[in-house]
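Please keep the sequence and the model in view while reading.

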Amino acid sequence: MSIQQEDWLTRLVQPLGIHGQLFHVGKHCGNWLLEHDVPQDPSFHLVTEGECWLVWPDGEKILLQKGDLLFFSQDRRHQLLPVDPGQQASREVDLQEPVEGVGLVCGYFRFRQGYLPGWFRQLPPLLHLKRQQGSTTALGYLLQLLVTEAGQQDLGSVHILELLAEPLLIYLLRAALEQNAVTRSELENCVPAYIDQALALMHASPENAWGVTALAKEVGVARSLLAKNFQETQGMPPGEYLRHLRMHRARQQLAQGKSVLEVTMNVGYRSESAFRKAFKDFWQDAPGQVRRTQAVK
């Protein structure tokens with residue numbers, strides 16, 4: 001491909017303002033358990049050493065081995081636990097410690113616009129790339145740089161790690177395309193601009209009562225057109241999307257230690273009792289339980 005040839009993938013990714021944020025770096029020994037129970041942005045897990053299980057809420061398991069890279073395009077609740085827990089108590093050490101264990105580097109992909117671009121819904125929920133770290137490929141070298149900076153935390157490491165997110169996401173998108181998990185047409189043509197505008201409005205102010213009529217007026221299209229294409233591209237009507245958005249925001253804020261009353265107001269509920277019921281119906285656990293669980297962690 002000549003350097004002048006149009007690069008459709010760059011055109012898709014560049015406006016997003018992607019940066020990364022690591023949320024877990026360490027080596028786990030003994031009978032350990034990691035729970036990822038507060039869904040947030042798209043994320044990745046890299047296994048730098050050892051083997052472990054990824055377990056979904058329904059009990060289904062996936063074996064992860066050294067060098068495996070997982071990409072969650074739509075963050076989901078799951079657990080990680082050792083294949084052979086042994087008799088030792090759980091302990092976490094630095095990645096560089098010369099002891100047997102399971103090394104993990106996990107991070108989020110963040111976007112300047114504050115919400116997922118519509119074409120992300122076209123990606124597979126989970127992309128599992130086996131034995132990538134340590135391979136003599138461009139992605140393998142990138143992952144080794146990521147692990148080195150995550151483990152050393154030297155001067156400027158935080159900024160380097162933020163910047164590595166964009167090329168990492170591009171390599172993941174390339175892999176999805178090569179595996180025919182998604183097509184160029186699905187990524188480029190899935191979402192009209194006015195749907196992205198409607199999403200931006202809801203994500204900027206989830207406390208507002210965004211109905212189809214209000215959104216259509218703001219983005220300048222017919223109500224029926226917005227309703228039809230929102231359902232087709234997002235898999236649910238605007239009201240249901242807003243409910244999902246509010247519940248995910250609420251869980252994140254509760255995990256940060258905010259009070260139930262404060263979260264109630266932040267996500268647009270008029271009474272704490274109504275919020276508590278909506279939260280329990282959505283997550284099957286109570287707001288206070290989420291706060292207590294995160295406080296223990």
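Helix H2 runs over residues 138-152, and its 15 residues should span 21 Å at 1.5 Å a residue, which agrees with the 21 Å between its end C-alpha atoms; the expected span is 1.5 Å times one less than the number of residues. Helices (H or I, at least four residues) and strands (E, at least two) are DSSP runs numbered from the N terminus. The model is a predicted one, in which local features need pLDDT of at least 70 and side-chain atom pairs count only at pLDDT 80 or more, whereas totals for chains, interfaces and linings use all residues. Residues are numbered from 1 along each chain as its sequence is written, and side-chain values use heavy atoms, with hydrogens and water left out.

Within H2, the buried residues are Leu139, Gly140, Leu142, Leu143, Leu146, Val147, Glu149 and Ala150, where buried means under 20% relative accessible area, exposed over 50% and partly exposed in between (1.4 Å probe, protein chains only). These buried residues pack against several elements, among them strand E3 (43-49), strand E9 (102-110) and helix H3 (157-178), contact being heavy atoms within 4.5 Å. After H2 comes glutamine 153, whose phi is positive, near 50 degrees.

Threonine 48 lies in strand E3 and counts as buried because its relative accessibility is 11%. Leaving aside residues up to four places away in sequence, threonine 48 touches Lys66, Leu95, Gly103, Leu104, Val105, Gln133 and Val147.

Strand E4 (residues 52-55) pairs with strand E7 (residues 78-82) in the antiparallel sense over 4 bridges, and cysteine 52 stands opposite proline 82 in E7.

| Helix | Range | Contact residues |
|---|---|---|
| H5 | residues 193-204 | Tyr194, Gln197, Ala198, Leu201, Met202 |
| H6 | residues 212-219 | Leu215, Glu218, Val219 |

The axes of H5 and H6 come within 10 Å and cross at roughly 115 degrees, axes being lines fitted to C-alpha atoms, for helices over the stretch in contact, with angles from 0 to 180 degrees between N-to-C directions.

Note on methods. Pairing = 2+ DSSP bridges.
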